[in-house]
Amino acid sequence: MTVAFWNSKALQGRTAVVTGGSSGIGLATARLLLACGAKVAICGRSVGRLDAARAELLRDYPDASLYVQACDVLDAVSVRAFAASVQNVLGDAAMLINNAGQGRISTFADTEDEAWREELNLKFFSVIYSTRAFLPQLAAQAAMLGDASIVCSNSLLARQPEPHMVATSAARAGLVNLVRSMATEFAPQGVRVNGILIGLIESGQWRRRFEAREERLLDWPAWTARLAAQKHIPMRRLGRPEEAAQAIVFLASPLSSYTTGSHIDISGGHSRHA
């Protein structure tokens, strides 16, 4: 992959869908897809954050084909309506980025039954509903273009669980299995399915923790460097959303046309698994 790819129109004419696209990795992915010439649809639950994301993306790419719609990916009816709107406005999706999700801090001892259900529901059905709604479009694009793809944002917790995030770790592990199963099932239709496993990435959550820090002498670079050292991250820093986005767009694009059922580790060396 070269810098020229990101600055080209290599994805011209292809429609990409990014769930959870109003901030963080989702927004960075939408921006990179637009830079590559794709038509992009993003969704999220917060209308205010979506409006801000739309303004930011159109400021950078004023001529972009961008569609923005509020959508709850845990509501099958809402997701089907979003898929129909994307098809009507931008055409069939050729790339689906399943990016919705967050982490839950809890141990086995203090995770109630309902919390388990909520976490498993979020991690699985945010992918299931979106994939189910867009799969016919993806298959149609694969038949026309020779390639279509699904990429799922996942966490290193899937292979390196933490006891203080037991429910999230378990659900993330299940998503790895789901990606592999979908990859095998969808391959005859020409639809590839892959994922990324992210470690510690700069986010609004880490920014809020930084603002609430007790050690006020440390600025953001120093604070995150200390955090990376405490977490034993060999690269000695947190990842950036655009670094995760580059891996996502690689997997979504024809650059990875012979890759399916795989995951790319985006953790700065934090991973301890082979």
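How many cavities of 30 Å³ or more does the count come to? The count comes to one. The legends below describe close-up views of a predicted model.

**Figure 1. The largest cavity and the residues that line it.** About 40 Å³ of space lies in this cavity of the predicted model. The lining consists of N98, A100, L122, K123, S126, V127, C152, S153, R172 and L175. Helix α5, strand β5 (148–155) and helix α6 (166–186) are the elements that give two or more residues to the lining. The largest contribution comes from α5, with four residues. Sorted by class, the lining of the largest cavity holds five nonpolar, three polar and two charged residues.

**Figure 2. Helix α5, residues 113–145.** The helix has 33 residues, and the distance from its first C-alpha to its last is 45 Å. That span is close to the 48 Å expected at 1.5 Å a residue. At L135, α5 bends by about 45 degrees. A proline, P136, follows within four residues of the bend. After the helix comes G146, with a positive phi near 90 degrees.

**Figure 3. Residue T107 in the loop between β4 (93–98) and α5.** T107 has a relative accessible area of 30% and is therefore partly exposed, as this class lies between the limits of 20% and 50%. Neighbours within four places in sequence aside, T107 is in contact with P163, H164 and V166. A second residue, V249, is 142 residues from T107 in sequence. The C-alpha atoms of T107 and V249 are 34 Å apart in space.

**Figure 4. Residue I105 in the loop between β4 and α5.** I105 counts as exposed because its relative accessibility is 56%, and exposed residues are those over 50%. Its contacts, leaving aside neighbours within four places in sequence, are with H164, M165 and R209. Between the C-alpha atoms of I105 and C152 the separation is 21 Å. Along the chain, I105 and C152 are 47 residues apart. C152 is one of the residues that line the largest cavity. H164 is listed among the contacts of I105 and also among those of T107.

**Figure 5. The loop between α8 (220–230) and α9 (241–252), with residue H232 and residue R236.** Phi of H232 is positive, near 60 degrees, and H232 is a residue other than glycine. R236, also a residue other than glycine, has a positive phi near 60 degrees. The relative accessible area of H232 is 65%, so H232 is exposed. R236 is exposed as well, because its relative accessible area is 68%.

**Figure 6. Helix α9 and its buried residues.** From its first C-alpha to its last, α9 reaches 16 Å with 12 residues. This is close to the 16 Å expected at 1.5 Å a residue. The buried residues of the helix are P241, A244, A245, A247, I248, V249, L251 and A252. V249 is the residue whose C-alpha lies 34 Å from that of T107.

**Figure 7. Residue H263 in strand β7 (residues 263–266).** Is H263 buried or exposed? H263 is buried, because its relative accessible area is 16% and the limit for buried residues is under 20%. Setting aside neighbours within four places in sequence, H263 is in contact with N154, R159, V176, V179, G195, I196 and L197.

**Figure 8. Residue R49 in helix α3 (residues 47–60).** With a relative accessible area of 45%, R49 is partly exposed. R49 touches S22 and S23, not counting residues up to four places away in sequence. In sequence, R49 and S22 are 27 residues apart. In space, the distance between the C-alpha atoms of R49 and S22 is 5.8 Å.

Key. Residues numbered from 1 in each chain as written. Predicted model: local features only at pLDDT ≥ 70, side-chain atom pairs only at ≥ 80, totals over all residues. Heavy atoms only, no water. Expected span 1.5 Å × (residues − 1). Bend = angle between axes of the 7 residues up to and from the residue. Buried < 20%, exposed > 50% of the residue type's maximum accessible area, 1.4 Å probe, protein only. Contact = heavy atoms within 4.5 Å. 1 Å grid on protein atoms, 1.4 Å probe; cavity = no way out; pocket = protein on both sides within 12 Å on 5 of 7 lines; lining within 4 Å. Points joined across faces, edges and corners; volume = space filled by probe spheres on them. Nonpolar A, V, L, I, M, F, W, Y, C, P; charged D, E, K, R; others polar.
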